[in-house]
Amino acid sequence: MSSMSTSSTIAMRAATTDSDERIVHKLALLDSAADPAGPVVIALVDGRPVAAASLVDGHVVADPFQPTADVVELLQARVAASAQNAAARPRRPRFALPRPRFAA
């Protein structure tokens, strides 16, 4: 069993592929929890996925056999920042396109 060292590299990325979906599902199984609702961010320690969080509701799953408290805290901060950015972004008005009119 490896542990996170002071020189470990922590990275976060969006789960975008079928392979990422399987990774998130495996983490949920290890954590005895439901899969997080997408979109999802995956946290990697030294290239190894150890946790994932939903950007929808903040639900986090993590590998219980790895020390992930610090990583989960970072993921939760990432989810909160994403929610703040989404709320602060001005929404563009949606305009309906005119219907084509055909000559009779």
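Strands S2 and S3 form a hairpin with 2 residues between them, and in its turn Asp46 has a positive phi of about 50°. Strands here, like helices, are DSSP runs numbered from the N terminus, a strand (E) having at least two residues and a helix (H or I) at least four. This is a predicted model, in which local features need pLDDT of at least 70 and side-chain atom pairs count only at pLDDT 80 or more, while totals for chains, interfaces and linings use all residues. Residues are numbered from 1 along each chain as its sequence is written, and side-chain values use heavy atoms, with hydrogens and water left out.

**Strand pairing**

- Two strands pair if DSSP finds at least two bridges between them; S2 (residues 40–45) and S3 run antiparallel and are joined by 6 bridges, with Leu44 having Pro49 in S3 as its bridge partner.
- S3 also pairs with strand S4 (residues 60–62), in the antiparallel sense and over 3 bridges, and here Ala51 has Ala62 in S4 as its bridge partner.
- The hairpin of S3 and S4 has 5 residues between the strands, and in this hairpin Gly58 takes a positive phi near 80°.

**Burial and contacts**

- S3 (residues 48–54) is mostly covered, since 5 of its 7 residues are buried, where buried means under 20% relative accessible area, exposed over 50% and partly exposed in between, with a 1.4 Å probe and protein chains only.
- Thr68, which lies in the loop between S4 and helix H2 (69–88), is buried because its relative accessible area is 11%.
- Leaving aside neighbours within four places in sequence, Thr68 is in contact (heavy atoms within 4.5 Å) with Val50, Ala62 and Asp63.
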